[in-house]
Protein chains: 2
Amino acid sequence: MNRLPMCEEECVHESAVAATKCGMLEEGEYLDLADLFKLFGDPTRLMILHALEQQELCVCDLAALLNLTKSAVSHQLKGLRLANLVKFRRDGQNVYYALADGHVRSIIDIGLEHLHE
Amino acid sequence: MNRLPMCEEECVHESAVAATKCGMLEEGEYLDLADLFKLFGDPTRLMILHALEQQELCVCDLAALLNLTKSAVSHQLKGLRLANLVKFRRDGQNVYYALADGHVRSIIDIGLEHLHE
DNA sequence: TTAATAGTTGAGCAATTATTCAACAGTTAG
DNA sequence: CTAACTGTTGAATAATTGCTCAACTATTAA
């Protein structure tokens, strides 16, 4: 996000850049989008999300499934909660987590498709 | 990826965990998938990808469009290249980059859909 | 009430990463 | 050839981040 030296302005296809600039989103959109995709950029969170694709699970289940501490799982779930990727309900001592909507599955599926082609 | 203390094994819904475990992928898949999504987890790379959704551009164009140095753009493009998200062709002094396939657009679109709902 | 279990949270540490800088390679023009 | 330009690369730095640890809250049972 720094200012450009003049020489970098000279070598550009100006009309192409101008046209592309019109189609760009506001900077905040890219920041929000990046924060969302960062959540998919960690194997632990991907495993949590993929597990929850299959069924609702409590924190302890996820910890046992993935060989992690409850604390580590809870920290990751917090990020997923704040991004509205998972929802939760308390039942007695347990807190059960589930996917909030179908976007998680869609994104993971496209990612796997890309890897396997 | 540490070993669990015994107490964490006791509080688990064992059949749910066992069933979920069967549906999980191999660990390497989650690592690869995370590496892929990490590329979407940075605003600069997202802007590069979104610009290339609109048209093929050279490194200098991207640098001017995004107010970055050519070096910064080139570094980011390297990651995108290694993940087969972008392709490139040289024409004289310029190297033109374009999206490699439709997965980038699909993933970004779903991400935006999630943010805006 | 006390004890036990499930879950959350904040601080701190180790590892990852985005950018800058400087040097280098490839192409074109004179 | 040299000079100018586009683009790449490696090292270094600054910022981010995932996990652990310890302390805490909440619910249940005795």
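1. In chain B, strand S3 (residues 94-99) pairs with S1(B) in the antiparallel sense, over 2 bridges. The model is a predicted one, and the points below should be read with that in mind. Within this pairing, B:Cys58 has B:Tyr96 of S3(B) as its bridge partner.

2. The sheet of chain B is open and is built from 3 strands, in the order S1-S3-S2, with antiparallel pairing. Strand S1 (57-58) and strand S2 (86-91) of chain B are the edge strands, each pairing on one side only.

3. Helix H4 (residues 43-54) of chain B lies across S1, S2 and S3 of chain B, and runs at about 90 degrees to S3(B). Helix H6 (residues 70-82) of chain B lies across S2 and S3 of chain B, and its direction is at about 120 degrees to S2(B).

4. A separate point concerns B:His103, which is placed in helix H7 (residues 103-116) of chain B. Is B:His103 buried or exposed? Its relative accessible area is 8%, and because the cut-off for buried is under 20%, B:His103 counts as buried.

5. Which residues does B:His103 touch, not counting those up to four places away in sequence? They are A:Ile110, A:Glu113, A:His114 and A:Glu117. With one of these, A:His114, there is also a polar contact: the side chains of B:His103 and A:His114 are joined at 3.0 Å.

Key: Residues numbered from 1 in each chain as written. Chains lettered and ligands numbered in written order. Predicted model: local features only at pLDDT ≥ 70, side-chain atom pairs only at ≥ 80, totals over all residues. Heavy atoms only, no water. Helix = DSSP H or I, 4+ residues; strand = E, 2+ residues; numbered from the N terminus. Buried < 20%, exposed > 50% of the residue type's maximum accessible area, 1.4 Å probe, protein only. Polar contact = N/O pair within 3.5 Å; in protein donor to acceptor, adjacent residues only side chain to side chain. Contact = heavy atoms within 4.5 Å. Pairing = 2+ DSSP bridges. Axes fitted to C-alpha atoms, helices over the stretch in contact; angles between N-to-C directions.
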